[in-house]
Amino acid sequence: MDQDTIVKDQDLRATMVLVLHNHQPAGNFSHVFRDAFDRCYRPTLDLLWRHEKLHASLHYTGPLLEWIEAHEPGFLDLLRKMIGRGQV
């Protein structure tokens, strides 16, 4: 068997793993949390929601989760829905 035949018979698909680490340090200013949420965390989750076949592993540190819980609880509702459908 020649090299061309071997390559044609192989499955050359690749798997990409999307892992996002989202962090804000304890004691950070609320406006910094807000800016990062509006520019990054929310748009990222909205994008993933619109593309159900795109799976991701999402990590949020404690201070960020506490801020989200206090200021944007709907974000956690959406995250729960995505967990429920096996997307994250």
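A crossing of two helices is called left-handed if the near helix is turned anticlockwise from the far one by less than a right angle, and right-handed if clockwise. The views below show a predicted model, in which local features need pLDDT of at least 70, side-chain atom pairs count only at pLDDT 80 or more, and totals for chains, interfaces and linings use all residues. Residues are numbered from 1 along each chain as its sequence is written, and side-chain values use heavy atoms, with hydrogens and water left out.

**View 1. The crossing of α2 and α4 is left-handed.** Helices (H or I, at least four residues) and strands (E, at least two) are DSSP runs, numbered from the N terminus. The contact (heavy atoms within 4.5 Å) is made by residues including F37, Y41 and L45 of α2 and F75, L78 and L79 of α4. By type, the residues of this contact divide into 9 nonpolar (Ala, Val, Leu, Ile, Met, Phe, Trp, Tyr, Cys and Pro), 3 charged (Asp, Glu, Lys and Arg) and 1 polar (the others, Gly among them).

**View 2. The largest nonpolar core has 17 residues.** Such a core is a set of buried Ala, Val, Leu, Ile, Met, Phe, Trp, Tyr and Cys residues joined through side-chain atoms within 4.5 Å, where buried means under 20% relative accessible area (1.4 Å probe, protein chains only). The residues with the most contacts inside this core are L45, L58, Y60, I68 and F75, and its largest share, 6 residues, comes from α2.

**View 3. N22 lies in strand β1, residues 19-22.** N22 is buried, with a relative accessible area of 9%. Leaving out residues up to four places away in sequence, N22 touches Y41, H59, Y60, T61 and L64.

Methods: Buried means under 20% relative accessible area, exposed over 50%, partly exposed in between (1.4 Å probe, protein chains only).
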